[in-house]
Amino acid sequence: GDDGGVGRDSLIRTLRAEGIRDEPVLAAMAAVPRAEFVSLQFADRAWDNHPLPIGFGQTISQPLVVALMIEFAGVAPGDHVLDVGTGSGYQAAVLAEIGCVVSGIEVVPELAAAAAQTLARLGYDVDVLTGDGHQGRPDLAPFDAIIVAAAADEVPQRLVEQLRRPTDRRRGGRLVVPVAEDGGGSGQTLIVVERTADGVSRRVRDRVRFVPFVDG
């Protein structure tokens, strides 16, 4: 296997070609060893721009989608970010690498435990809770950003309520969530919801594909 250098450079070139312009996001994705977050048999494909299996019927998202979601969330170092559907912990690691304070929530207990272990081993200080992502982490709210790694049928209202309200100095928190299109299956749209002084604003971004968001 390649030590990562060639594959990593190729992935970053691909992300740039696909329109990712946020240098801190690109730098973080180059720094996080994606092979640590995929099933062992797929480690040699870790730098490919594809989703990969992580067990329990779940996948690690395509790097382009991770980059898009983080870019749309507009995070900065020191921001408090909720990572919903932590999975194996890859997106949480990228956010931590950027300098965010990251809290994760994952419904599959084995994945939550494995993610916490991998993140700690790599030196990322991320708190991962086993639980229903739709509920968010009200105990830790408000958040500067909430990024959901699984498709929902609609924007989860509980999560919108956990976004930081805007102040004179900074904009409100942003929720980035893939929402299934009518009938589902075919693909999803990324929705960016921003907390405003008098409610929320919603913007629709690129179509993407995600595993469905599991209740429970």
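Tutor: Helices (H or I, at least four residues) and strands (E, at least two) are DSSP runs, numbered from the N terminus. The model is predicted, so local features need pLDDT of at least 70 and side-chain atom pairs count only at pLDDT 80 or more, while totals for chains, interfaces and linings use all residues. Residues are numbered from 1 along each chain as its sequence is written, and side-chain values use heavy atoms, with hydrogens and water left out.

Student: How do the axes of helix 3 and helix 4 cross?

Tutor: They cross at roughly 45° and come within 11 Å, helix 3 being residues 63–73. The axes are lines fitted to C-alpha atoms over the stretch in contact, with angles from 0 to 180 degrees between N-to-C directions.

Student: Which residues make the contact?

Tutor: Helix 3 contributes Val66, Met69 and Ile70, and helix 4 contributes Tyr90, Gln91, Val94, Leu95 and Ile98; contact means heavy atoms within 4.5 Å.

Student: New topic: which residues touch the most other members of the largest nonpolar core?

Tutor: Leu15, Met29, Ile70, Val75 and Leu119 do, in a core of 50 residues. Such a core is a set of buried Ala, Val, Leu, Ile, Met, Phe, Trp, Tyr and Cys residues joined through side-chain atoms within 4.5 Å. Helix 3 gives the largest share, 9 residues.

Definitions and conventions:
Buried < 20%, exposed > 50% of the residue type's maximum accessible area, 1.4 Å probe, protein only.
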